[in-house]
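I opened this model to follow its salt bridges and the elements that they join. My entries below are kept in the order in which I looked things up.

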Amino acid sequence: MDNLSVAPSESEIKEDMSLKNHPPDKDKDKDTIMEPPSSPRHRKVVARWLPDEAQRPMIDDAPVFTPSLEEFEDTLAYIEKIRPLAEPFGICRIIPPSTWTPPCRLKEKSIWEHTKFPTRIQNVDLLQNREPMKKKPKSRKRKRRRNSRMGSSRRRSGSSPSESTSSPEAEEKFGFNSGSDFTLDEFEKFALHFKDSYFEKKDSSGDIVRWTPSVDDIEGEYWRIVEQPTDEVEVYYGADLENGVLGSGFYKRAEKLASSDMDQYTVSGWNLNNLPRLPGSVLSFEDCDISGVLVPWLYVGMCFSSFCWHVEDHHLYSLNYHHFGEPKVWYGVPGSNATALEKAMRKHLPDLFDEQPDLLHGLVTQFSPSILKDEGVQVYRVVQNAGEYVLTFPRAYHAGFNCGFNCAEAVNVAPVDWLAHGQNAVELYSKETRKTSLSHDKLLLGAAYEAVKALWELSASAEKKNTTNLRWKSFCGKNGTLTNAIQARLQMEEERIAALGRDSSSLMKMEKDFDSSCERECFSCFYDLHLAASGCKCSPEEYACLKHADDLCSCDEKDGFILVRYTMDELSSLVRALEGESDDLKIWASKVLGIELSDEDQTKTSSVISQEKKLKEGSFDLNIDLELDCQEDLKEEASTSGGELTSSENLGVSVEPINLGVLIFGKLWCNKHAIFPKGFRSRVKFYNVLDPTRMSTYISEVLDAGLMGPLFRVTLEESPDESFFNVSAQQCWEMVFQRVKDTRTSLGLPSLPQLEGGINGLQMFGFLSPSIVQAIEALDPNHRLVEYWNHKNQASADSKDHFITSNCSVSLTKGKLFGVDLM
C-alpha cells in the first residue's frame, strides 16, 4: 500500500492548499506552528476517493420512531412501548419532537476554543485486514466513584456505552496510538481540511469544485477502505471522553441557564445525565458513578473515525444523542443473532481469533455488514443526524463510523426487562473469566426492595397510586418480569448450594456491610459475591463463588463456610411478596421500610419464612391453574389429523400454558385456525438451538405490535438472548427449527428423522391443544372474532356431513396441521 502521510514543512502545506484553491487559513497555520514538524497535524492527505470501487452494503434500515410530545415526556415508558417493535432489529433511531432543542454547553466559548481533549489515531485500512499481533490488548478499567467517604474503587470491563473504540492500551497494540490534543475549534478545522482534501473534485480546467459528498458516497468509500484498502488512511477520534475532560453536552440540574425556559432540558429523562437513574431503571440502585455506564461519555469524530463491533457492558441498553455536526452511520445486529455474528467473524478472521479468542472484547475490529448478511446474520443500518437519538438493545452488537466532524454523547440504561439479559451476561462473564462493571445481584435486590415499597404503599393508601408505584407494580405479580428474575436467581442459588453437598452447619449469615467498602469477587472467575460467598478459615480475606468453592483451598471441608445474604426460605418469601401474598409483603415491608409488625404478624413471621407455601386449590383460574393432559392432547390431535404425526408430534410436544392473555378484536388477532390473545404465553420443550444434543424449554409469546397486529416471539428460557420474532407464529418456530438444523450441521452431528418433516408453529405455541383452545374460546363467548368462528362452524358442519357419508370420524374443526393461512 502507498503511504498516506509525509511530514512536509509549513511552507509546503501552505503551497499545497493554494494549489487546491484553498486560501490559507491563518488560524490553521497558527495551530500547526504550535506542534513540531513531526506532529500528525502536519501530515499531508494523499489518499483519494475511488467512487468506482465503492463497497456500500445493501442492507435494510432499522426502524425510525417519532414520539409525540406526550409520549416524549416519559423516557422509560416510551422505550418500553417501542421495544417489541424495535428489539428484533437490535437498534433503532428516535427523532424527538421539533420542540426538543436542548442547548449544547460545549459551544460555550470557554469550552469550544480553550478546552482541549485527547484523540486516538485510527488506521481505517487496518480495522479488518491486518496481521495478528503478538500481544493481546488489555481490558478497559471502569471508574466507580462512590458517593460516600469511602473513596473510589474500580472494576475492569471490556466495552463502553453505545459506540466505544476500546481503551488506549488496546488500540496502541493495534497501531492506534495516542493523537494530538485538540480544542473543538481546532478539531473542526482539522476534520474539514481532511474531508475536503480526501473527496476533492476538479473540473476540466483543473480548478477545485466545491461540493459535499452524500452519506451514500462516504459509506461506499468507507467500506472500500476497510475491505479492499489501497492506501493508508489515518484519522483521529476523540472517543470515550470522560466527564472531567469536556464535560457533558447537556446542562445539568445544578447548572444555571440564562433562561428559565431551558429548565425543562436539565430535568428531562432524555438528558443523558439523568437517564441511567430514572425511576424504573435498575441502574438507579448502583451508588457508584461508573464512568461510561452511569456517567455519559462524549465522542468527537471526523470523517471515517470508527466504532467497532461490540455489545454493551452487562448487555445493557444504550442511548446515544447526536449533539451537532455531520451524520453517524450505525449498523446493528439483534441480540438473537449475537452468536451468529461471533461465529461469522471467527470464520473469516481465524488468525486474529486464534491469537486472541476474546477479540470482540477489544473493540478494535471492524467487519463488513455485507459479509455478515451473506452468512445469514440479520444486520440493519441507521443514519443518525444531529438532534436524534440511537437506542441499542441488550446484547445487540453494533458498529459504525462518522461522516465528518460531529459530537455525540452516550450512556447506559437498564429497564426492568433487562434483568434477565443482565443475569445471562454475568454468567457469561464468569465462564470467560471477565471482571464485571456492576454488582448484578445488588441491582436485582435493589429493584425487589423498591417493588416491595411500591406494593406496600399501594396496599396502604389510595393516595399512593402514583406513576412510579404503579410502574413497579406492573413488574410484579405471578409471572411478573421482576418476580421471575428473583425466582430464577433463587433457583440458581439453591442448585449451587445443593451441588456443594455441604451440611447446613456450614451456612452462615453474611454481615450487612460485607461488600460495602470493597468489591467482593470470586478469586477464580471474578463473579460478584453480593448474594453468596464461600470462604475458609485459612484465607479470611479471599472468597469464591459457589461454583468455585471447592477450588479455593485444599483444607478440610469442616474449615469451609458459605456466607449468604438471605436464606433460601427468605428469598422464597420475597418471591411470594412480589406475587402479592399479604403476609410475606408485610415481612419484607418491615425489612425494607423499617415498619414494626404487630404482635400477630410477628407470630406469623417464623412460620411464613420457614416453610414453602403450598399451591392454592379450588377455583379454576384461566391464567394460573390451567393444566394439560398432554398425552391425551396428542392422541386427539393425531386422530383429528388422520392419524399421521408431524415432526412436532413425534417429538412428544407437551405445551404448558403460562398466561392466556386478553383478546383484541381486530382482523389480525385471529385466523381461520387460531385466536391469538395479546399477552399469551406458553412453555414447550424442543432441541436447544445452542446445543442441539439436548432438549430445553422455550417460552412462546404473543406481543402487541400496534398497527401490525400480533408479534410472535419464541425465547430459549435458559438463554433469553436467543429470541426469535416474527409476525407469523409458523415462521417464528420455523426460525427456531432451522437454527437447530443448522447448528447440528455445523457441529457435524447426524440428521434426526424427527427434524425432517418440518414443524407446526401453531402446535408449538399450544394453539392446537384442545385444553388451551377451549380456554381461549371461552374468552370470546359472543364470537366477535368472526373469521375464526365462521371457519370453525363451517368445518364442524363439513365434518358432520363427511361422517354421515363415509362413516369416518374425522374432525376438521382444527383445519390442516400444515394448511394455508398459518400465522
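I began with Arg713, which is buried at a relative accessible area of 11%, where buried means under 20% relative accessible area, exposed over 50% and partly exposed in between, with a 1.4 Å probe and protein chains only. I note that this is a predicted model, in which local features need pLDDT of at least 70 and side-chain atom pairs count only at pLDDT 80 or more, while totals for chains, interfaces and linings use all residues. Residues are numbered from 1 along each chain as its sequence is written, and side-chain values use heavy atoms, with hydrogens and water left out.

**Entry 1: Arg713 and its partner**

I looked up the partner of Arg713 and found a salt bridge to Glu87 at 4.0 Å, N to O, the term standing for a side-chain nitrogen of Lys or Arg within 4 Å of a carboxyl oxygen of Asp or Glu. Arg713 belongs to strand β26 (residues 710-716) and Glu87 to the loop between α4 (75-86) and β2 (91-94), so the pair ties together parts that are 626 residues apart in sequence. Helices (H or I, at least four residues) and strands (E, at least two) are DSSP runs, numbered from the N terminus. Glu87 is likewise buried, at 10% relative accessibility. I counted 44 salt bridges by this rule.

**Entry 2: Glu656 and Arg683**

Next I took Glu656 and Arg683, whose side chains form a salt bridge at 3.2 Å, N to O. This pair links distant parts of the chain, with Glu656 in strand β23 (residues 656-659) and Arg683 in strand β24 (residues 681-687), 27 residues apart. Glu656 is partly exposed at 40%, and Arg683 is partly exposed at 21%. I also traced a network in which salt bridges with shared partners join Arg83, Glu87, Asp417, Arg681, Glu701 and Arg713.

**Entry 3: the sheet**

Which strands form the open sheet, and in what order? I read five, antiparallel in their pairing, in the order β23-β24-β25-β26-β27; two strands pair if DSSP finds at least two bridges between them. β23 and β27 (723-726) stand at the edges with a single partner strand each, so one side of each has no neighbour in the sheet. Neighbouring strands are turned by 25° against each other on average, direction ignored. β23 and β24 run antiparallel and are joined by three bridges, and Glu656 stands opposite Arg683 in β24.

**Entry 4: helix α19**

I then turned to Glu570 and Lys591, which meet in a salt bridge at 3.4 Å, N to O. Glu570 lies in helix α18 (residues 568-579) and Lys591 in helix α19 (residues 582-593), so the pair ties together parts 21 residues apart in sequence. Glu570 is buried at 10%, whereas Lys591 is partly exposed at 39%. Within α19, the buried residues include Leu585, Ile587 and Trp588. Just after α19, Gly594 takes a positive phi of about 75°.

**Entry 5: α15 against α16**

Last, I looked at helix α15 (residues 440-460) and helix α16 (residues 467-474), whose axes come within 8 Å and cross at roughly 115°. Axes are lines fitted to C-alpha atoms, for helices over the stretch in contact, and angles run from 0 to 180 degrees between N-to-C directions. The residues in contact (heavy atoms within 4.5 Å) include Ala447, Ala451 and Leu458 of α15 and Leu470 and Trp472 of α16.
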